[in-house]
Amino acid sequence: MMSFISYFINGLSLGSVYAIIALGYTMVYGIAKMLNFAHGDVIMIGGYVVFTVVSTMGLGPVAGILLAVILCTVLGVVIEGVAYRPLRMASPLAVLITAIGVSYLLQNIALLVFGSNPKSFTSVVTVPALKLLQGKLIISGETIVTIISCIIIMIGLTMFIKKTRAGQAMLAVSEDKGAAQLMGINVDGTIALTFAIGSALAAVAGALLCSAYPTLTPYTGSMPGIKAFVAAVFGGIGSIPGAFIGGLLLGVIENLSKAYISSQLSDAIVFGVLIVVLLVKPTGILGKKINEKV
Amino acid sequence: MEKSMKINFRLNKTLKSNIITYGIVIAAYIIVQLLVNAGQVSNLMKGLLVPICIYTIMAISLNLTVGILGELSLGHAGFMCVGAFSSALFSISMLDAIPNAGIRFFFAILIGAFFAALAGIVVGIPVLRLRGDYLAIVTLAFGEIIKNVISVVYIGKDASGLHFSTKNAMALNMAKEGTVIINGAQGITGTPKNSTFTIGVILILITLVIVLNLIHSRSGRAIMSVRDNRIAAESIGINITKYKLMAFTISAALAGVAGVLYSHNLSALTATQKNFGYNQSIMILVFVVLGGIGNIRGSMIAAVLLTLLPELLRGLNTYRMLIYAIILIVMMIFNWSPKLIDLRKRYFHKNRAEKERA
Amino acid sequence: MALLEIDNLGISFGGLRAVDNFSITIEKGQLYGLIGPNGAGKTTIFNLLTGVYKPNTGTILLDGENITGKKTVDINRAGIARTFQNIRLFKELTVLDNVKTGLHNAYSYGTVTGILRLPKYFKVEKEMDERAIELLKVFGLDEEKDILASNLPYGKQRKLEIARALATGPKLLLLDEPAAGMNPNETTELMDTIRFVRDNFDMTILLIEHDMKLVSGICERLTVLNFGQVLTQGKTADVLNDPEVIKAYLGE
């Protein structure tokens with residue numbers, strides 16, 4: 001029983017990381033209507049920035065995260081401006097292929113700069129582990145911080161969209177790009193802002209992910225990135241609470257299947273969940289149905 | 001009279017283009033054979049001949065899905081994986097039953113294509129209901145699932161037949177003289193090395209015949225109509241699901257054939273991220289994109305060049321994936337950016353105007 | 001028996017009655033117009049007729065056969081073909097192949113026959129080519145048969161869409177704003193073509209149009225739609241003189 005609870009809580013922690021990444025995915029998908037395949041690799045870049053600042057330059061973790069957030073935000077805006085903006089009118093196939101190209105570009109730049117040897121990441125979390133029930137149940141500091149960060153981010157993002165002008169502009173662009181433009185909303189600017197926020201979140205996710213799983217390679221971000229997309233689809237693409245719920249569920253499913261079924265098959269099970277969700281309810285748990293215009 | 005002449009002319013035009021494509025393959029084959037006989041081909045190059053055939057078939061088959069059907073599949077290596085493992089399993093278990101390597105390999109190719117096609121149908125039925133990005137991500141998911149599942153399968157053979165398990169080799173419960181054929185993550189060892197350059201080229205030609213003839217047929221038009229406008233295709237009575245599934249399944253079967261060549265070119269076969277993971281699927285996508293989406297001959301040439309170049313220019317190998325990434329991005333922006341389209345149009349019109357004046 | 005009988009057709013989108021209590025009877029060989037202000041629900045009726053949307057209420061009888069709620073593909077096979085307001089051609093196919101795709105169900109050979117190039121392939125393809133060119137000639141498109149559909153000028157794209165729809169051998173042809181974007185000369189020419197199609201193909205035609213010259217020139221009967229409901233229907237001249245219709249068009 002204790003081990004089940006411990007697996008479950010670790011699942012929530014992993015799920016919180018997925019949720020933070022999925023928030024970025026779902027915002028970009030909802031507003032720019034594109035699958036930013038490179039989102040996972042921005043996480044990896046965030047991880048390397050924190051690693052460089054903390055382990056190589058010897059500065060504190062706060063400085064590391066701050067710098068990672070800044071650099072990833074810039075990176076996200078640059079990627080959008082250079083690679084995606086010229087393709088606003090292109091077929092979805094072309095946009096997706098470009099995003100895959102960007103993903104590979106980031107991985108291979110990291111490979112050239114940092115090499116393929118895994119770096120051992122020093123955790124950015126200094127919170128001590130929580131010992132419950134006379135030490136039978138230990139919850140690590142990383143788990144606590146990750147879950148709390150995820151909740152704060154989710155609430156913050158919801159408030160941002162509801163209460164600010166920029167947030168309202170995002171909603172308008174996600175509903176109808178053309179109409180938003182006519183209403184005087186800067187569509188390009190709004191999309192760039194979305195990428196900036198998504199990438200900043202990716203940097204945070206990178207620091208948390210690497211703290212919990214402290215090996216860092218150029219490919220660290222790609223699997224969590226894809227799984228976070230699965231989480232976003234699971235929860236209903238475009239929906240912020242959906243990304244949160246989808247992320248948590250996916251993390252728990254993955255950890256429990258690792259523990260009780262097979263560690264080799266856990267990825268297969270996660271992807272199996274995606275397929276079942278898309279077949280049974282293609283719009284996800286909280287998604288809306290979109291009708292095609294004829 | 002005049003009418004029928006015009007029709008013949010049109011048929012001749014596509015026929016001519018197809019003959020050029022077949023001609024390129026045959027000419028390349030003859031040149032390579034001459035060079036090999038003259039001792040002009042290094043061992044490194046000889047080792048690349050079969051892989052080139054494998055990637056060429058993969059590129060043509062993926063172009064059927066991406067270019068002709070118009071759906072992005074990111075799990076194509078998964079079908080190659082199915083073809084590779086099913087055919088290797090067949091070849092090893094039939095080593096004694098069919099001693100003639102040629103006949104055995106012939107059946108191995110059919111088996112590989114059949115099981116890959118079966119996987120294509122199983123994957124295609126749910127996946128093809130989805131659109132665009134979802135389809136891409138789900139094919140990716142299926143590719144990973146196929147690879148993961150194969151690496152936990154154990155199959156052994158003894159006097160009483162095949163044994164199957166997903167735990168470990170001991171759980172197969174075989175008689176003493178039994179041998180393990182598929183050993184979980186260790187994969188298959190001892191597949192006969194039947195793949196040759198000649199067989200590879202023959203398979204490329206067969207792949208070309210299938211794909212090119214399909215495109216220029218009633219079913220091919222139906223497939224492309226779904227690609228160009230799904231709603232209009234439905235409105236003129238085209239069964240969307242049928243033709244999507246047809247294209248997807250043929251594409252999977254051809255990837256399975258490439259897998260057969262792959263497994264019968266190596267003595268040890270494992271399902272790893274590198275050979276059957278989505279990295280592989282994306283590399284093949286690069287071939288298709290560089291050669292031109294929907295351009296069968298182009299993807300063939302791109303596959304050959306991009307397989308050869310990094311091996312020949314050693315320094316390039318480090319930057320191989322980086323270059324692939326840049327190719328993807330630049331090709332898409334070049335083809336789709338409104339500014340560049342304008343520029344090309346203006347340049348093209350200028351050229352045409354000049355020609356007309358001349 | 002009438003060719004098309006629609007009774008009490010209705011559909012709502014999110015609580016909004018887009019089409020309500022729509023009934024119409026079209027006799028075989030008629031040229032029938034469906035008019036009304038923008039957003040009145042005209043295209044929605046085409047979408048209901050062709051199975052793009054499933055109606056909430058009502059029945060659709062085509063030549064006595066109940067086609068209500070059937071799939072688009074089956075409705076086309078039952079005998080309804082259409083064009084689209086925003087042209088939907090197969091852009092990367094040639095003009096000829098667009099029409100040949102329309103002939104898909106009328107001429108048949110298997111996929112394997114096609115791949116192996118068996119004699120039947122050549123025979124049927126030749127028949128398809130001949131039939132397609134016949135159709136293209138009706139619309140004056142036979143010269144352009146080998147160019148890509150996307151490279152045709154706008155007016156010819158509309159005509160190609162009609163040719164493709166006719167290729168499916170329908171009993172009823174639905175034209176969604178066939179004259180949209182055409183200049184007056186092209187419109188006059190189109191009117192002749194539509195009449196020609198009706199007479200030479202024994203066709204029944206229902207069309208949506210804003211161009212009043214075309215409507216009054218070729219339609220025998222009209223139905224006026226306003227806010228998803230039938231405002232009035234009858235002979236063209238009577239309907240166009242109806243004060244209610246004038247009011248609906250010009251506003252209060």
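Modeller: C:Asn8 is classed as exposed because 12 other C-beta atoms lie within 10 Å of its own, and the classes run from exposed (12 or fewer such neighbours) through partly exposed (in between) to buried (20 or more), with C-beta atoms placed from the backbone. This is a predicted model, in which local features need a pLDDT of at least 70 and side-chain atom pairs count only at pLDDT 80 or more, whereas totals for chains, interfaces and linings use all residues. Residues are numbered from 1 along each chain as its sequence is written, while chains are lettered from A and ligands numbered from 1 in the order in which they are written.

C:Asn8 sits in strand E1 (residues 4–13) of chain C, where strands are DSSP runs of E with at least two residues, helices are runs of H or I with at least four, and both are numbered from the N terminus. Its phi is near 55°, a positive value in a residue other than glycine. C:Arg117 also has a phi near 55°, again positive without being glycine, and its place is the loop between helix H4 (111–116) and helix H5 (119–138) of chain C. C:Arg117 is partly exposed because 14 other C-beta atoms lie within 10 Å.

A further residue of chain C, C:Thr232, belongs to strand E10 (residues 229–235), and it is partly exposed because its count is 15 other C-beta atoms within 10 Å. Once neighbours within four places in sequence are set aside, C:Thr232 is in contact with C:Val224, C:Val239, C:Asp242, C:Glu244 and C:Val245, contact being defined by C-beta atoms, placed from the backbone, that lie within 7 Å. The C-alpha atoms of C:Thr232 and C:Ile35 are separated by 10 Å, although these two residues are 197 residues apart along the chain.

Chain C as a whole is assigned domain 1 (1–79 + 170–252) and domain 2 (92–168), with bounds that come from an automatic or database domain assignment. The centres of domain 1 and domain 2 of chain C, taken over C-alpha atoms, are 27 Å apart, and between them 13 residues of domain 1 are in contact with 10 residues of domain 2. On the domain 1 side, helix H2 (72–78), strand E7 (172–176) and helix H7 (184–200) of chain C each supply at least two residues, and H7(C) provides the largest share, 4 residues. That side divides into 8 nonpolar, 3 polar and 2 charged residues, where Ala, Val, Leu, Ile, Met, Phe, Trp, Tyr, Cys and Pro count as nonpolar, Asp, Glu, Lys and Arg as charged, and the others, Gly among them, as polar.

Within chain B, helix H11 (residues 278–291) has 14 residues and reaches 20 Å from its first C-alpha to its last, close to the 20 Å expected from 1.5 Å times one less than its number of residues. Of the 14 residues of H11(B), 13 are buried, and the helix is followed by B:Gly292, whose phi is positive, near 105°.

As for confidence, chain A averages a pLDDT of 86, with 98% of the residues scoring at least 70, pLDDT being the predictor's confidence in each residue, from 0 to 100. Within chain A, confidence is lowest in strand E2 (residues 130–132), at a mean of 75, and highest in helix H3 (residues 61–84), at 93.

Technical notes. Contact = placed C-beta atoms within 7 Å.
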